[in-house]
Amino acid sequence: MTERKMVVFLIAATCVFLVGTIVTMVVPFKSINDPKLKIATVKPYTPLQLEGRDIYIREGCNNCHTQTVRPLLADTERYGEYSKTGEFVYDQPFLWGSRRTGPDLARIGGKYPDAWHEKHMKDPQSMVPRSNMPKYAFLTHPLDTSLTEKKMKTLGFPYTQADLAACQGKTELDAMVAYLQKLGTDIPWREAAKTQLVGELKNPFLDNVTVLPEGKKIYDANCAQCHGADLKGGVGPSLVDIDKPDADIFTTVYAGRQATGMPAFGDTLGKERTWKVVTFLKLRQRH
Amino acid sequence: MDQQQGYADDVVKGFILWSMVWGLVTVLIGVLISLQLVYPQLNLPPFLTYGRLRPVHTNAGIFGWGIGSFMAFFFYITQRLTKTRLWSPGLARVQLWLFNVIIALAAVTLLAGMNRSKEYAELEWPVALLVVVLWVIFSVNIIMTIAKRKEEQMYISLWYILATLVGVAVLYLVNNVSIPVSLFKSYSAYAGANDANVQWWYGHNAVAMVLTTPPLALFYYYLPKSTGVPIYSHRMGVIAFWSLIFMYLWTGAHHLLWTPVPDWVQTLAMGFSVMLIAPSWASVFNGYFSMEGQWNQMRDNYLVKFLIFAITFYGLQTLQGPSQAVRTFSAFIHYTDWVPGHVHMGTLGWVSLVIFAGIYYTIPKLYGREIYSVGLANLHFWLAVTGQIIFSITMWVAGVQQASMLHASNPDGSLHYSFMETLIELYPYWTWRSIAGIIYLASLLVFLYNIVKTISAGKAQPAEQKA
């Protein structure tokens with residue numbers, strides 16, 4: 001008698017669990033896989049990118065970095081176009097994360113040149129002085145490719161022998177950078193979101209030496225990592241004796257130049273501070 | 001004395017002592033990783049980086065300290081509420097070994113980078129399979145003991161225990177489905193938004209089935225045992241039970257508000273999260289009303305102090321949780337330190353305080369000794385509560401400050417602060433969080449000392465207190 005009561009209880013409890021489970025966990029499988037949400041330009045990972053993704057998982061990067069841009073001003077202005085369901089169909093597992101100790105990485109691809117990522121992964125503080133990210137210099141050892149083909153087959157991703165050969169001689173860091181550079185680039189959002197500067201651009205601080213100290217501060221915090229503390233270059237070209245019109249420099253800093261890997265700083269600096277750093281670059285030689 | 005009644009209690013002792021070891025480990029790692037956020041040079045790659053240590057912290061906490069002690073208490077409580085000896089003490093002994101092997105394997109594999117990345121389901125498939133075996137062994141033992149019970153009525157604690165056994169099994173099996181590539185590597189069977197939705201159905205209900213129903217089973221057992229008066233309303237407990245286990249399963253997607261998971265799933269999660277206030281507070285009121293005429297025991301009886309503070313933190317937790325599950329508020333504080341502040345009120349406040357009370361009550365019974373020092377137990381209590389409150393409050397303030405800065409915009413619509421400008425403001429708060437963690441660690445050391453001394457040097461219990 002008492003046994004039966006317990007069995008009835010167990011069955012009842014299981015049924016009660018299953019109601020919410022079926023409605024909110026099982027049923028969505030149908031709507032999330034809706035073909036209407038497919039995005040034709042979204043491509044699976046290449047062998048090198050997949051190896052990079054596995055290193056991202058191994059190192060637990062998702063404990064500090066999210067990979068979803070929410071449709072909120074604070075997210076889209078900072079990270080780019082909001083994330084779409086169709087962009088994640090090849091993500092097994094998903095890597096959306098739950099805490100942004102570091103910035104979101106859903107659209108990091110194409111934001112910085114490879115050389116920036118390499119320096120940053122090896123020594124984050126050399127590129128972002130007060131960052132608290134650990135150093136990942138140990139990733140420079142050779143990539144283990146013994147499972148690469150099996151991984152591609154397991155996930156059903158297309159690949160060629162040339163793709164596999166491209167992993168040979170690469171380091172784990174190369175794979176990681178290849179993965180990061182792919183993130184969020186399957187849809188051409190960066191072109192669409194590119195800042196269009198209209199009208200005549202006139203430097204409000206032209207020949208105004210009083211803004212030089214602030215301009216230098218902005219330079220040290222944002223530009224020196226790539227162009228050198230002494231402006232002699234590094235990841236980016238030398239800016240010593242830069243001889244371009246103020247408006248051109250402003251456009252490059254504010255909107256970036258994708259072809260060369262120069263990131264856009266308009267969102268971070270705004271117009272006024274961008275003009276101050278332009279003024280610093282132009283006037284420092286004479287003062 | 002209990003042993004003379006024929007209960008199998010050696011394994012209860014084993015689980016309690018081992019869970020205390022893992023509890024110490026998780027707090028030690030917690031303090032270390034909190035310091036790593038302030039001093040990145042404390043990361044020692046490749047094995048001891050924040051990214052690899054954080055899953056060890058959460059797994060040791062939830063599974064080592066939480067599940068480990070719940071296994072002890074489920075064995076202890078079930079035998080007494082059924083007036084029946086454990087179905088198979090031998091199997092329970094095997095379970096204790098397996099449990100410790102799994103937690104140790106979990107720590108080693110996670111530090112080695114074998115990690116499936118899904119939160120609280122990180123363990124690679126061979127270890128996850130061992131967890132399934134462990135859970136089956138455990139469930140069979142408890143269910144068989146209840147099946148041949150000598151007490152027909154099932155007290156409310158047994159309901160929560162049975163629900164835990166079923167719930168954890170369903171959640172763990174579904175979310176851990178993986179496609180192995182090798183012994184050390186597998187991929188989730190689900191992709192993208194589906195994977196996210198399954199994961200947070202699991203993740204949030206791990207909170208329900210590991211951090212809510214087991215401590216409630218303990219609370220409903222140990223509060224009447226400690227106060228000496230029965231629980232206020234068994235019927236209210238029953239209503240709260242069924243509505244709690246019904247509503248919880250709908251709420252996982254509140255972890256995914258504003259993500260590509262379908263809006264209707266998010267909205268249901270939001271609605272049910274708010275509704276969950278009712279069954280949660282039914283247990284809180286059941287606790288408070290049971291204290292009628294007994295409030296003096298808050299002064300005289302340290303066990304009651306632990307339990308009533310615990311249920312109070314549970315009440316606060318279940319008000320704050322639903323508020324975070326609302327879209328507008330989530331947009332503001334999600335992904336910030338607010339959330340770790342919330343989580344640690346639940347784990348350090350609610351769950352751990354209940355476990356502490358359970359251990360303080362049970363260990364003297366099992367060893368036939370009086371607690372070594374009530375003074376130290378009080379010191380433990382105040383250190384733990386102080387550490388927890390400093391932790392949570394600093395994290396909430398930090399979360400609100402960072403959220404405000406992240407959302408601040410200029411008149412032209414551009415954002416006012418870069419990400420780094422918001423991050424550097426967090427360093428002072430993180431330092432305080434580490435201090436709070438060290439205070440909690442100190443409380444734990446006092447606790448461990450008190451328990452060890454009780455076992456080794458406690459006074460024998462006077463005869464009338466036995467049984």
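**Ground rules**

I number residues from 1 along each chain as its sequence is written, and I letter chains from A and number ligands from 1 in the order in which they are written. As the model is predicted, local features need pLDDT of at least 70 and side-chain atom pairs count only at pLDDT 80 or more, while totals for chains, interfaces and linings use all residues.

**Chain A, overall**

I looked up the secondary structure and found 14 helices and zero strands in chain A. Helices here are DSSP runs of H or I with at least four residues, strands are runs of E with at least two, and both are numbered from the N terminus. The radius of gyration of chain A is 24 Å, well over the 19 Å that the globule rule gives for 287 residues, so chain A is more spread out than a compact globule. That radius is taken over C-alpha atoms, and the rule is 2.2 Å times the number of residues to the power 0.38. Along the principal axes, the C-alpha atoms of chain A fill a box of roughly 95 × 40 × 35 Å.

I then checked burial: 40% of the 287 residues of chain A count as buried. A residue is buried if 20 or more other C-beta atoms lie within 10 Å of its own, exposed if 12 or fewer, and partly exposed in between, with C-beta atoms placed from the backbone.

**The UniProt feature**

The UniProt record, an unreviewed entry, places "domain: Cytochrome c" at residues 47-184 and 210-285 of chain A. UniProt positions are in the numbering used here, feature names are shortened, and annotations may be inferred rather than shown by experiment. Over residues 47-184, I read 41% helix and 0% strand, with the end C-alpha atoms 17 Å apart.

**Two helices of chain A**

I followed helix H13 (residues 246-255) of chain A to H14(A): their axes come within 9 Å and cross at roughly 145°. Axes are lines fitted to C-alpha atoms, for helices over the stretch in contact, and angles run from 0 to 180 degrees between N-to-C directions. Residues on the H13(A) side of the contact include A:Phe250 and A:Tyr254, and those on the H14(A) side include A:Trp275 and A:Leu281. Two residues are in contact if their C-beta atoms, placed from the backbone, lie within 7 Å.

**Chain B, overall**

Chain B has 17 helices and two strands. Its radius of gyration is 22 Å, close to the 23 Å from the globule rule for 467 residues, so chain B is as compact as a globular protein of that length. The C-alpha trace of chain B spans about 80 × 50 × 45 Å along its principal axes. Buried residues make up 56% of the 467 residues.

**One residue of chain B**

I picked B:Pro214, which is found in helix H7 (residues 213-227) of chain B. B:Pro214 counts as buried because it has 26 C-beta neighbours inside 10 Å. Leaving out residues up to four places away in sequence, B:Pro214 touches B:Phe70, B:Tyr160 and B:Thr164.

**Where A meets B**

How many residues does each chain give to the contact? I found 69 residues from chain A and 70 residues from chain B. On the side of chain A that touches chain B, the largest share, 15 residues, comes from H1(A). That side has 34 nonpolar, 20 polar and 15 charged residues. Ala, Val, Leu, Ile, Met, Phe, Trp, Tyr, Cys and Pro count as nonpolar, Asp, Glu, Lys and Arg as charged, and the others, Gly among them, as polar.
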